[in-house]
Amino acid sequence: MSATMSNTGAAHAASHDHGHHDKTGTVIFGFWIFLMSDLIAFSLMIANYADAEWHGIANGPSPHELFSLGLPTIETMALLISTFTFGICTLGMKYGASMKRTVGWLVVTLALGAIFLGIELYEFHEFWTEGNTPQVSGFLTAYYSLVGLHGLHVTSGIIWGILLMVQMKTFGMNDLIKSRLVRLGLFWHMLDIVWIALFTKVYLMGVL
Amino acid sequence: MSILGSLDWNDIFIVPFFTDPSLSTGIAAGAGGIVVLGALAVMVLLTVKGWWKPLWSNWITTLDHKKIGVIYIVLALIMLIRGVLEAVVMRAQQVSPAPGFLSVEHHAELFSTHGTIMIFFVAMPFLTGVINVVMPLQIGARDMEFPFMNAVSLWLSIGGAALVMASLVVGHFETGGWTAYPPYTGIKLSPNEGVDYWIWSLGLTSVGSTLSGINFLVTIYKQRAPGMKLFDMSIFAWATLCTAILMIFAMMPLTVASLMLALDRQAGFHFFTATQGGNMMNFANMFWLFGHPEVYILILPAFGVFSEVIPTFSGKKIYGYTSLVWATIAIAVLSFTVWVHHFFTMGQTAHLNAIFGIATMTIGVPTGVKVFNWMLTMWRGKLRFSTAMLFSTGFIFTFVIGGITGVMLANPTIDFATHNSLFLVAHFHNMLIPGLLFGMFAAVNYWFPLCFGFRLDEKWGRRSFWLWMIGFYGAFMPLYAIGLMGAPRRMAFFTEPAYFPWLVIAMLGALCVLAGLTAQIIQVWVSVKNRESLMVPAGDPWDGRGIEWSLGCPVPEYDFSTIPAMTSREPWVDAKEAGKRVMDPTEFVDIHLPKPTGMPFLVGLVATLFAFAMIFQMWLIAAVGFVAMWVLVLIRSYDTDWEETVTAEELREGYEAHKRLVETTPQIRLDDEFTTKNRGLIMETQV
């Protein structure tokens, strides 16, 4: 809901010239708060997973039997690199890079996100066809939900990025668009950090 | 499966009455009929009076924080009427000869909807509404930081409430209480749509509350008047800040737990099932990770209200400002450390119970600090017992009793004997009726003129207070007694004769509460009728202390003509002591206010459609609704012309007009406060 900004009130009245600066800062601050709330959802899912990977195996496979590190490592690399490329994208924007360049790095970022997502879906598909569906056990329920929740976030990040590129064409690189790009960046980096926790907890500790 | 999912004719409210006529199905059909007829009556009224258009342009599309607040409060009051009526029906059920006139399922639906409605659709909208109206005015802001998102929160909450109302007409609500513990609420034991109603109505409103929390927090951090430090804020603003933080962190566990339950039910997942590795304790933990902070989300704003009302009507500044603020912060932090006390008996070790028991008792300390702050504020003050003040003093007295039973329940060994009994039910009603409802009633009586320009009728207000107070004691003290005698909660009927006299008293108490609510409706009616004589156009009808009282009543849409200079914690009191009758203006500048838009209403409407479709498994409609919701947001993101300008000249005119009005309003004495002489601005200020 990026269109919720307003610059009513004191900050604006106090310094009219810097009104837009304040507005952007405030919206980004609000988005940080939203991310904190979103992190609670991930924390709960991880806690639930930590319980289910021991006590929820029932008649299904254990994490040790299910996971290997190969694909998840490639997946992880794709996402880590995407966070780096997004960094280049927003830093470039800050130092006045051309729109073409900004869009270019955003495309690279989203493509890496899509690769990540593709591998994740491939892996889900593999497990699924082996009969290891979420309906089999508490552990598999927790696995699909936790990793899937992250995947849904990445998906919405990609859709958001594509829509934002369309808006860049429409509006040009104005303050509003820059602010939206910075917020997408925060979202994307948060997903990367969450993924590091997921990779460690689910795959690394699951295999070891 | 058809496009209408699991919906069929038997779900329509009057059909069960014809297929299985009984008093129980008759009451259900009657309740559904009231909803349908009520909706029709409102529509007819709107059409006859030609109010559709003003309703749309002045209220539904508004982004003004005060109007949004008023809509929240209206929602809360409508739902309160339903909640109280349900309570009365349940009390009547328990005094009629066993097995009573309600079926066991119907009684279970009643206590489930009663709890769900009272927490999520009375308490939450009520406090959110009061915060919306008051907080920006107290920090010298002109609106919430995100007015559009504010309206989206509102319409999501209304959507949730509409779904609970719809469950009277279409299908059933759940029977597992407001906490809806699985595995009972799993698909095997609760196969109908009831639990899904609970999940999706809460889903809408919990997202709304999370967004509200973000809005309140950012507004307080970023929109305070220049010079206002955090420790210059009113206690109510502090309470709002702490509540906002709780909302941001605590609503998510509810959202997550209820969506997991939805996946268990509809997709065959095993989060909480009793077989195949599900763990229902995860639900209990997550629910109360939300549920306990929620208790303080409910209570802190009311604490804030009392901290405003008591100084005003004692003619003194609040005693121990700093200790009161730190007590509020301490309560907010501790609220995350006690959730296990909601299920001491569900299997964890005695050591763990002991830790959570001690943590729970610790909360009594900062709360006790607050009680002393309020009492010492009244000490040697010149007390004036307005309706708001009556509710505040009634609160202190009653809340302490509830607090004492709370400390008793915090002891796990006592809890083992009293859990799931009516003693517990009496305890939490003893906390929430004074600790939430009385606070909100005080807030409405106190701040009403800010929104509407006239005071509420004091005579009916005082009557409503006494009826609520007596009704509360009548309805709940007996439950303490029979709870200790062993009466379990949530029973459709009792066969123990020793309970009967107590249940009769409780029934009479419930009727007294109903009379109190009726008195409040009469109070509003009488006040609207006599509004000319109750007008306080000069503002500040109670010799108030906060800067919200420096404004004329009703407050103009832009709130402040100039942002007040915060020279101290109570600049309005300083100004009055210096003999001024208006605050000195700072600098008149052009300001921007958000334009009205119907988009938040549409987002709420489509989200409600989505949720309804999810309840009845109409997957296609649900998908369309979900996509449509985001398309609306996308359309809004293309709208860059969302503000309109109020010029400095208009603001100056507003200020001059207010000043002229104030100067021509005769000064009155404090003793005439509740008479028609009060046209605002009482000038007798004590220290």
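## Where chains A and B meet

In this predicted model, the contact between the two chains takes 39 residues from chain A and 48 residues from chain B, two residues being in contact if their C-beta atoms, placed from the backbone, lie within 7 Å. On the side of chain A that touches chain B, the elements giving two or more residues are helix 1 (10-14), helix 2 (19-55) and helix 6 (138-171) of chain A, and helix 2 of chain A gives the most, with 15 residues. Helices (H or I, at least four residues) and strands (E, at least two) are DSSP runs, numbered from the N terminus.

By class, this side of chain A has 21 nonpolar, 17 polar and 1 charged residues. Here Ala, Val, Leu, Ile, Met, Phe, Trp, Tyr, Cys and Pro count as nonpolar, Asp, Glu, Lys and Arg as charged, and the others, Gly among them, as polar.

Residues are numbered from 1 along each chain as its sequence is written, while chains are lettered from A and ligands numbered from 1 in the order in which they are written. As this is a predicted model, local features need pLDDT of at least 70 and side-chain atom pairs count only at pLDDT 80 or more, whereas totals for chains, interfaces and linings use all residues.

## Chain A

Chain A holds 7 helices and 0 strands, and of its 208 residues 42% count as buried; a residue is buried if 20 or more other C-beta atoms lie within 10 Å of its own, exposed if 12 or fewer, and partly exposed in between, with C-beta atoms placed from the backbone. Among the contacts in chain A with a separation of 6 or more, 80% are accounted for by residues 24 or more positions apart. A separate pair of positions is A:Asp175 and A:Thr24, which are 151 residues apart along the chain, with their C-alpha atoms separated by 7.7 Å. A:Asp175 is found in helix 7 (residues 175-207) of chain A, and A:Asp175 is partly exposed because it has 13 other C-beta atoms within 10 Å.

An unreviewed UniProt entry lists "transmembrane region" for residues 27-49, 69-91, 103-122, 142-166 and 186-206 of chain A; its positions are given in the numbering used here, feature names are shortened, and annotations may be inferred rather than shown by experiment. In the model, residues 27-49 of chain A are 100% helix and 0% strand, with end C-alpha atoms 33 Å apart, and residues 103-122 of chain A are likewise 100% helix and 0% strand, with end C-alpha atoms 28 Å apart.

## Domains of chain B

Chain B is divided into domain 1 (1-50) and domain 2 (51-535), with bounds that come from an automatic or database domain assignment. The centres of these two domains of chain B, taken over C-alpha atoms, are separated by 28 Å. Their contact takes 16 residues from domain 1 and 13 residues from domain 2 of chain B, and the residues on the domain 1 side divide into 9 nonpolar, 5 polar and 2 charged.

From UniProt, again in an unreviewed entry, comes the annotation "domain: Cytochrome oxidase subunit I profile", which covers residues 50-567 of chain B. That span is 70% helix and 0% strand, and its end C-alpha atoms lie 48 Å apart.

Helix 6 (residues 147-169) of chain B has 23 residues and should span 33 Å at 1.5 Å a residue, which agrees with its end C-alpha atoms being 33 Å apart; the expected span is 1.5 Å times one less than the number of residues. Helix 6 of chain B is mostly covered, with 22 of its 23 residues buried, and just after this helix B:Gly171 takes a positive phi of about 75°.

Helix 14 (residues 422-452) of chain B bends by about 45° at B:Tyr446, and a proline, B:Pro449, follows within four residues; the bend is the angle between axes fitted to the seven residues ending at a residue and the seven starting there. Helix 14 of chain B is also mostly covered, with 27 of its 31 residues buried.

## Backbone features in the loops of chain B

Most residues other than glycine have a negative phi, and most peptide bonds are trans. The peptide bond from B:Ala98 to B:Pro99 is cis, with omega near 5°, and B:Pro99 lies in the loop between helix 4 (65-95) and helix 5 (104-138) of chain B. The bond from B:Pro182 to B:Pro183 is cis, with omega near 5°.

B:Gln276 has a positive phi, near 55°, and is buried, with 20 other C-beta atoms within 10 Å. B:Arg490 has a positive phi of about 65°, but B:Arg490 counts as partly exposed, with 16 C-beta neighbours inside 10 Å.
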